[in-house]
Structure formats: structure tokens, C-alpha cells
Amino acid sequence: MPELPEVETVVRGLKQYILNKSINKVDVYYSKQIYGDINKVVDKRIIDIKRKGKNIIICFENNLFMIVHLRMEGKFYIKNHDEEISKHEHVVFVFNDFDLRYHDTRKFGEIHIQDNDYVDVGVEATSITYEALEGNKPIKEILLDQKKIAGIGNIYADEICFYAKVMPNEILPKDKYDLVIKGAKEILEKSIKLGGCTIRSYNSLGIEGSFQNELMVHTVDRCKVCGTKIAITRVAGRSTYYCPKCQKNNIIIGLTGGIACGKSTVVNLLKKKNYNIIDTDLIVKDLWEKEKTINDLKKLFNLDEVNKSIIRDLVFNDEKKRIMLNNYMHPVVKRIALSKIKDGVNIMDVPLLFESNFDKECDYTICVYLDNEEAKRRLMERDNISESDAIKRINSQMDIAKKRKLSTFFVDNSKGEAYRIKNLDEILKNIGI
Ligand SMILES: [Zn+2]
């Protein structure tokens, strides 16, 4: 989606072609993106073309304005009159010597004809104010809110957060306001100078920008400052790229696996590297010793007496009660685990990493993988149980193949110790630690 620099590039391109000219005729091939009477622009001279946020404002004589929002895929092309109209060219503005064609594969763009140049957006992203940055929301969400700050989309929001060394999901501390304001101005102005980003299919009027080569985090593999693998998460519903080392001083690696997958052998290897290991099983064990936990669970399940085995029996065959228990335990465990994070590398050992949404707190995730057949064999041997009991226990958890797919990396634990060590070292090297 074109953001402020890309739209500014389109505005500058349009000026070269159509400023001071008049439209002879408008041919509409798809009308649902047009608001107002588009025929009003015929025979009126274009006296200015400007931009507000991501909106293009074409000003005609006699106080008539055409406001274009390109949204996802809107583009303009200059073509000869006799060139065939392509499937995605929805509006053709016919000038004396050429056509200006509005092309939009996704049809999300909008063209408004109005008698004023009003657009309901906030301050320009190149001159953000303190007030615009205020609000009890993640900084990325505020940067993307066009009613507060106009012109920033997913790409530049990530870049601005990197510049200011803040996490996109954090509430911006006041002492970082100046850095975000300065970063937005510098980054956007530099991108305008380079013609914006040309990524995926985006280019308009045939202009190829080159700011994609200057991106520090967005869609980048490794941090250009510290070499760490760029992590990906979701903020404000958007794919979000950041460097954990540069933007928050610590790296959190979630570690999970299936039953009898040999996760503890991997934990032992990681312990030797002197990383901060946070074992959520130990946190749960501690919680069961706490009077508060017992009292909370008595209240939750309306019981006079509570201990670990009573609760285990209670939830074993009762899905609803198991969810109640998890809804109580997971947030408590998560809060305690997060309080144990230190600067540097942290290994978050969480058997139910994805089930408890704990992966969202991690920069990367590693799944210790063992296929179900091998896990079953090891489980029967280790716990001396029957095949059907082993299968039942394996099936009671999220499928290991799914966990592997959800993880950033996986360690194949079926090929012996030497392979396991090599595999893990490769992953750590890839992360850059
Ligand atoms: Zn970095």
C-alpha cells in the first residue's frame, strides 16, 4: 500500500503531466470507486496538485477538487489514446495528447469529487506533534491512525520504531517523543528524495523508487546495525518487523515440544551457553505451594478442599473446567515468567507455548521435534505404559507437526546427539547470538 513518500512521488509525477491542462473527456469502466459527479471535471483546468497524508488532491479552477486515495493497489498510468484499455483500468481521463488511466486491481481505492479540499486526517507525518503521539495505545497503532497522524502505513511505522529504538507494541514513553518525531521526518523525507519504496507490484506512472534498499527492519532478514535476525510479530493486526536487540536489549526465545520429545536435552545444551533459562513448569510447581493459588481455585471451582490431584482429576475429563483452570493459570504464569526476563538472551521453556499464546511474548520460537511414532516408543519405554495409553497422551496435546509449523525454528531430535548439537548451534547462529 502506498504511504506518504509513494503518494508524494505520484503527486510530483502527476504535476509533470497534467498541471495546467484540462480533461477533455472521462470514460468510466467501473463506477463504484467514484463518489460525486466525475463529469464535472471535464473542460476545467487543473491549477494545482497537492497531497494530504495519503490523499492526492487535484485542484481544478472554479473550486472543484478531485481527491484520490489509492489504498492498496491504486495506480496512475499515462498511455496513448489508441492503447487497449486493460481489465484493471477503471477510469480513463482523456487529455489532448494522452490518457491518464486509473488502474486498481483490488478496487479499494476511492475517487471523490467535491467543492472543497477537506480530507478528514490528522497532522502530516513529516511534522508530528506531541499531542498526536499521546494515547494509551501501542506506538505503532498511534502511528497508523490516520485521524491522528496522516501518511504512515505499515512499512514506515516499523522503520520509525526502529529509528527511535522502541518496540512497536509498547506505549511510547514521553522521553522518546522527540526521537519519533525526528525519525518520521528524516525517514519520510529521505524516502521522498529516493522516489519512495517499490516493493511488490507498487509503482505508479512508471516511477521506480529505491527506498526499499534503505529499509532497516521491514521485510529485512538481518539487522543492519547489530546483525541479529529481524523478528516478526503482529501489532494492530499488521505484520510487524523489529530487532529485539536494538529495540529492547533482550532476546526472548520460546522453547516447546511434544511429550517425550527430548526437550530437556535441548534445555541442558542451552544452559551451557549461560542463557537465562525460565522454566514455566517450575513456576507452576511453585504456584501450587502458594496459599493464594489454593484459595483462588477453591473459589473458582466452589470447592472446600483443593490440591493438585483433586484439580487434575476434576479437569481430566471436563473440557469446560480445564479451560477455566487454564484461564486462571496461564496469565499468572506468564506474568511471573515475564518478570524473570533479564538483559541478553532468555530461554522461555513453555510446554504449552502456543496453546497459552505465550509465543506472542517471544521474539523467536524453537520447537523440539520428534515424530509421533518415535515419541510413542520413547513414552512407552520411559513411563512403562501401554501403546494405547501412550497414543492417548500424545493425542491430548496440540499436534507436534502443527507446533513445528508455528515455530520460527525446529530442532530435529531423532538423529542423535551430534546432530542435535549441530542443529541447535545453526539456529543460534541464524538468530545471531
Ligand atoms: Zn539490531
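Student: At about what angle to β3 does helix α1 (residues 4-18) run?

Tutor: The model is predicted: local features need pLDDT of at least 70, side-chain atom pairs count only at pLDDT 80 or more, and totals for chains, interfaces and linings use all residues. Residues are numbered from 1 along each chain as its sequence is written. Helices (H or I, at least four residues) and strands (E, at least two) are DSSP runs numbered from the N terminus, and angles run from 0 to 180 degrees between N-to-C directions of lines fitted to C-alpha atoms, for helices over the stretch in contact. Helix α1 lies across β3 and β4 (55-60), and its angle to β3 is about 175°.

Student: Which strands stand at the edges of the sheet with mixed pairing, and why is one side of each left without a neighbour?

Tutor: Pairing requires at least two DSSP bridges between two strands. The open sheet has 5 strands in the order β2-β9-β5-β4-β3. Each edge strand has a single partner, so one side of each has no neighbour in the sheet; these strands are β2 (34-35) and β3 (46-52).

Student: What is the average twist from one strand to the next in the parallel sheet?

Tutor: This open sheet has 5 strands in the order β15-β16-β14-β17-β18. Its edge strands, β15 (276-279) and β18 (409-412), each pair on one side only. From one strand to the next, the twist averages 25°.

Student: About what angle does helix α7 (residues 263-271) make with β14?

Tutor: Helix α7 packs on the sheet, touching β14, β15, β16, β17 (364-369) and β18; contact means C-beta atoms, placed from the backbone, within 7 Å. The direction of α7 makes with that of β14 an angle of about 155°.

Student: What distance separates the centres of domain 1 and domain 3?

Tutor: An automatic or database assignment gives the domain bounds: domain 1 (4-114), domain 2 (123-246) and domain 3 (249-431). Taken over C-alpha atoms, the separation of the centres of domain 1 and domain 3 is 56 Å.

Terms used: Two residues are in contact if their C-beta atoms, placed from the backbone, lie within 7 Å.
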